Amino acid sequence: MTGFQDNEIAKIWGEILSTDKYRVMIADIADNYPDKKSVSIDYSDINMQDVDFSAYVLEEPDRCLEIARKAVMDLVPSINKPGQGINVRIFNLPRDAKVEVRNLRADHLGRLVAVEGLVRKVTTVKPRMTYALFRCARCGSEIWVEQTGMIMKEPLMCNNPDGSCNKQATRFIEDLKASTYMDTQKVEIQERPEGLRGGSQPERLTGYVEDDIAGLVTAGNSITLNGILRSAEKLDRDKSTVFEIYLDVNSVEFEQHEYDEIQITEEDEAEILAMSKDPNLYDNILQSIAPSIYGMHDEKKAIALQLFGGCHKEMDDGTNIRGDIHILLIGDPGVAKSQLLRYMSSLAPRGIYASGKSASAAGLTAAAVRDDFGDGRWTLEAGALVLADKGLACVDELDKMTEQDRSALHEAMEAQKISVAKAGINATLQCRCSMLAAANPKYGRFEADQNIYTQIDLPPPLMSRFDIIEVLTDKPDKKHDQELSSYILKTHLRGEARMLPEGSVIDGREVSDILKETDKIKPIYSIEKLRKYVAYSKRIVPVMTPSAEKIIQDSFLRIRKMGGDGVAITARQLEGYVRLSEASARMRLSDRVTDQDANVAAELVEAYIQRIAGNDDGTYDIDRLTSGISNKDRNKLDIIRSIFNQFGADGLEMEEIVQHASNNGLSESEVDHAVRTMSDGGELYRTPSGKYKKA
Ligand code: ADP
Ligand code: MG
């Protein structure tokens with residue numbers, strides 16, 4: 001490493017700053033100070049000026065930047081008061097200065113590095129005093145004291161050379177209004193999901209952002225922080241030799257559009273176009289989604305469509321219609337829900353895996369919290385859906401989410417924003433993500449003798465935000481069990497064979513033969529290829545053909561009619577049809593939504609509504625989805641209500657209710673269910689003697 005003397009450094013900066021680009025920038029600052037107060041230097045300009053020096057800047061940023069600041073200040077003599085300054089910020093650092101959070105080491109201390117990540121937490125912006133102005137109580141002369149630490153430094157003596165008080169102990173009056181301040185903000189980034197291998201937890205880094213770049217970032221942003229890595233002693237009672245690291249941020253760069261992160265070359269494009277013409281495209285994609293999970297065809301179909309997504313629409317009046325597809329898997333334990341979610345979080349761009357019962361305060365959405373991180377300041381913390389902005393949020397155990405998430409999730413799923421207004425934090429965070437959620441039934445496992453919908457313990461308004469709800473039951477079935485078990489065993493065999501050196505022979509079988517035999521378990525398209533294909537498809541905005549429109553409308557009307565009177569299949573479900581059919585067209589890279597696509601959507605929607613809301617006689621009851629209570633149940637509840645109105649003044653025993661209700665043709669278990677629904681809803685309560693009474 002070549003060393004540089006101060007005067008050599010100053011000379012090189014001088015040359016860079018005297019180029020047109022920076023002369024204009026500095027003149028602009030001189031005119032608009034303090035609205036503009038930073039010179040942003042492109043690292044490649046330093047590199048072009050002097051290759052050795054550009055490497056030196058990364059090694060010795062403190063010294064080089066200090067000299068650069070002086071050089072800039074010399075060019076703008078009008079800015080010279082205490083506390084006034086111009087920042088020199090360097091951006092566009094070279095690849096070898098980019099470090100992942102998990103790879104930051106002691107070696108990087110004091111060096112200029114670029115760290116990419118998602119903003120997980122931001123504190124409110126607060127001013128920090130940089131120079132305090134004091135006045136001598138005796139002679140009134142002004143004394144400026146630079147402030148660096150946490151405790152205000154006062155002048156030791158009056159420095160008025162003319163006054164009689166010079167060098168004598170005196171009192172000083174601080175002038176808080178005239179003192180100078182700088183905005184400061186503390187942020188925490190976490191590694192981007194793409195950088196993570198095999199489900200490891202993302203690591204985090206704290207950065208301090210000051211002055212004109214404070215307040216630019218908010219939770220959920222995907223950014224690069226360029227700065228100098230520093231260490232701070234852990235604030236323990238005993239002095240410690242173990243240090244925490246943080247980044248003294250010099251500049252912030254925002255990430256471009258998410259799919260632009262995926263580079264598609266001309267060869268890729270040719271390959272993608274060829275893939276789209278393959279008659280087996282759909283099956284190939286299905287087989288590339290979690291191939292080690294057996295079956296789940298409908299689920300994988302829905303998930304494949306979710307990956308492509310419908311089109312986001314902005315209407316003339318500024319309203320937005322989401323294009324992202326939300327899917328809920330609700331099912332018995334041990335049917336590979338979690339496994340599927342984990343797989344998808346690693347397949348989808350910006351995929352985040354989170355659990356409903358997460359330990360963090362932000363949970364699934366976002367929260368304003370006051371914790372250690374903010375040192376007493378309020379902090380805005382992003383939850384899973386915000387971190388998955390423009391990606392896929394895989395939320396496991398949705399039924400175990402917090403109360404706070406329960407109420408915030410509606411807005412998050414439909415408007416794709418989360419508003420936080422608390423304690424001076426007033427933020428709207430974007431969460432333009434698709435959601436793939438999994439939940440268990442109310443009693444842990446579906447009970448065969450009860451309707452599906454009564455066993456789903458999620459608020460109906462939340463349920464109606466999902467475009468597709470898949471029910472997974474785990475019933476013993478000889479054929480299925482046999483196939484499932486041999487599939488899982490084969491998966492393991494293939495896994496074992498992959499670990500052995502080529503050419504090995506086990507029990508007379510060549511490893512290569514085993515691999516060939518179990519070839520089905522290999523994805524047809526690699527994760528990388530599929531990601532590129534999906535990214536490419538997002539360029540396409542498919543338009544609905546009139547006949548596709550008709551198919552969707554017919555299906556919609558069919559369901560409505562079957563629902564009978566007073567049943568509202570909402571516009572939400574209709575929008576679901578549109579999104580799914582658009583996704584199906586995108587999958588083929590087609591700019592038209594054709595009959596084929598409309599049929600795919602209609603089949604999926606009708607199948608899921610039949611499963612959840614289907615009555616035994618083949619009619620549907622969407623009310624179950626939107627209010628949680630079916631028509632038939634509503635009538636049952638009315639019967640129980642009228643029984644209570646007539647006979648229930650002093651409360652009724654269960655047997656009495658059953659007896660009265662039997663006159664209306666209700667069975668004991670129907671009564672039991674209705675009474676339970678009414679108790680849950682707060683309409684009835686139980687007296688200490690065990691009677692039911694109207695609340
Ligand atoms: P859940 O989250 O639904 O309770 P898990 O994802 O934890 O279930 O699955 C438990 C295990 O069962 C998985 O690790 C997987 O090996 C196995 N398993 C269950 N169903 C399947 C399937 N259809 N194909 C392959 N493996 C399965
Ligand atoms: Mg699970």
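1. Basis of the model. This is a predicted model, in which local features need pLDDT of at least 70 and side-chain atom pairs count only at pLDDT 80 or more, while totals for chains, interfaces and linings use all residues. Residues are numbered from 1 along each chain as its sequence is written, chains are lettered from A and ligands numbered from 1 in the order in which they are written, and side-chain values use heavy atoms, with hydrogens and water left out.

2. Overall content. The chain has 22 helices and 26 strands, where helices (H or I, at least four residues) and strands (E, at least two) are DSSP runs numbered from the N terminus. Of the 695 residues in the chain, 47% are buried; buried means under 20% relative accessible area, exposed over 50% and partly exposed in between, with a 1.4 Å probe and protein chains only. Among contacts in the chain with a separation of 6 or more, 69% are between residues 24 or more positions apart, a contact meaning heavy atoms within 4.5 Å.

3. The open sheet. Five strands form an open sheet in the order E13-E16-E19-E12-E20, with parallel pairing, and two strands count as paired if DSSP finds at least two bridges between them. Its edge strands, each pairing on one side only, are E13 (351-355) and E20 (468-472). The twist from one strand to the next averages 15 degrees. E13 is joined to E16 (residues 392-396) by five bridges in the parallel sense, and Ile352 has Ala393 in E16 as its bridge partner.

4. Antiparallel pairing around E4. Strand E4 (residues 126-136) runs antiparallel to E6, with nine bridges between them, and Pro127 stands opposite Asp183 in E6. E4 also pairs with strand E5 (residues 142-146) in the antiparallel sense, over five bridges, with Glu146 in E5 as the bridge partner of Tyr131. E4 and E5 form a hairpin with five residues between them, and in the turn Gly140 has a positive phi of about 80 degrees.

5. Gln190. This residue lies in strand E6 (residues 172-190) and is buried, with a relative accessible area of 5%. Leaving aside residues up to four places away in sequence, Gln190 touches Gly117, Leu118, Arg120, Pro202, Glu203, Arg204 and Leu387. The C-alpha atoms of Gln190 and Val101 are separated by 7.6 Å, although the two are 89 residues apart along the chain.

6. Leu225. Located in strand E8 (residues 222-233), Leu225 counts as buried because its relative accessibility is 1%. Beyond residues up to four places away in sequence, the residues touched by Leu225 include Val113, Val187, Ile189, Leu247 and Ser251. The C-alpha atoms of Leu225 and Leu247, 22 residues apart along the chain, are separated by 8.2 Å.

7. The H17-H18 pair. The axes of helix H17 (residues 571-587) and helix H18 (residues 595-613) come within 8 Å and cross at roughly 135 degrees, axes being lines fitted to C-alpha atoms, for helices over the stretch in contact, with angles from 0 to 180 degrees between N-to-C directions. H17 is therefore oblique to H18, since angles under 35 degrees count as roughly parallel, over 145 as roughly antiparallel, 65 to 115 as roughly perpendicular and the rest as oblique. Residues of H17 including Tyr577 and Leu580 meet residues of H18, among them Val605 and Tyr608.
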